[in-house]
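The structure is shown first, and the description follows.

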Amino acid sequence: MAGKIRLEDRECPLSSALGHVGEWWTLLILHDAFDGYTRFDQFQANLNISSSILTSRLKRLTENGLLERRRYQTRPDRYEYLLTDLGRSLRPVVVTLAAWGNARLRPEERSMILVDRATGAEADPVVVDRLTGRRLDGDDFVFTAGPAAGPTMRSRYASPPG
């Protein structure tokens with residue numbers, strides 16, 4: 001997937017992130033991993049994914065440091081795929097993406113919802129600034145060039161579009 005990033009976008013964190021997880025199956029595998037699936041046959045059965053595609057995606061997730069491949073059986077060798085800290089850090093992104101998908105639906109059309117494990121109450125995920133607690137979905141926060149920005153990124157954020 002990383003080869004599909006345009007040269008001028010390589011320094012963009014959004015483009016970089018999509019290079020790691022922007023493929024449909026990859027996000028679904030991560031979602032299953034968040035739900036506790038760890039083994040190849042579990043992912044395959046739950047997602048109804050071909051073994052070749054699953055093998056490819058698990059290899060990429062492992063290479064990118066999102067999953068760790070660990071042998072749990074010998075003769076024959078069998079492996080499980082465990083979330084790393086980096087992989088677990090994507091959970092809020094997947095939760096928020098699912099909430100965005102559910103927001104388009106009427107409550108009776110939702111096939112999966114996020115609930116509080118202890119109370120069963122439905123959660124309403126929002127993204128907030130850790131320092132202020134303010135929601136990030138309004139116009140109060142904007143992107144700007146960071147300290148490592150090259151000329152293309154600096155040019156993009158030098159002045160607002162218009």
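## Helix packing in the predicted model

The cover over the buried residues of α1 includes α2 and α4. Helix α1 spans residues 13-21, and its buried residues are S15, G19 and V21.

The protein chain as a whole contains 7 helices and 2 strands. Along the sequence these elements follow the order α-α-α-α-β-β-α-α-α. Taken along the principal axes, the C-alpha atoms of the protein chain fill a box of roughly 60 × 40 × 30 Å. Of the 162 residues in the protein chain, 24% are buried. Where contacts of the protein chain join residues at least 6 apart in sequence, 32% of them link residues at least 24 apart.

Helix α2 comprises residues 24-34, with W25, T26, I29, L30, D32, A33 and F34 as its buried residues. An α-helix has 3.6 residues a turn, so residues three or four places apart point the same way. At the start of α2, a side-chain oxygen of E23 lies within 3.0 Å of the backbone nitrogen of W25. Just after α2, G36 adopts a positive phi of about 105°.

| Helix pair | Crossing angle | Axis distance |
|---|---|---|
| α3 (residues 40-47) and α4 (residues 51-63) | about 125° | 10 Å apart |
| α2 and α6 (residues 91-103) | roughly 110° | within 10 Å |

The axes of α2 and α6 cross at roughly 110°, and α2 is therefore roughly perpendicular to α6. On the α2 side the contact is made by L27, H31 and F34, and on the α6 side by R91, V94 and L97. By class, the residues of the contact of α2 with α6 are 4 nonpolar, 1 polar and 1 charged.

The crossing of α3 past α4 is right-handed. Which residues form this contact? From α3, F40, F43 and Q44 meet S51, L54, T55 and L58 of α4. The residues of the contact of α3 with α4 comprise 4 nonpolar and 3 polar, with no charged residue.

Key
Residues numbered from 1 in each chain as written. Predicted model: local features only at pLDDT ≥ 70, side-chain atom pairs only at ≥ 80, totals over all residues. Heavy atoms only, no water. Axes fitted to C-alpha atoms, helices over the stretch in contact; angles between N-to-C directions. Helix = DSSP H or I, 4+ residues; strand = E, 2+ residues; numbered from the N terminus. Left-handed = near helix turned anticlockwise from the far one by under 90°. Contact = heavy atoms within 4.5 Å. Nonpolar A, V, L, I, M, F, W, Y, C, P; charged D, E, K, R; others polar. Buried < 20%, exposed > 50% of the residue type's maximum accessible area, 1.4 Å probe, protein only. Polar contact = N/O pair within 3.5 Å; in protein donor to acceptor, adjacent residues only side chain to side chain. Parallel < 35°, antiparallel > 145°, perpendicular 65-115°, else oblique.
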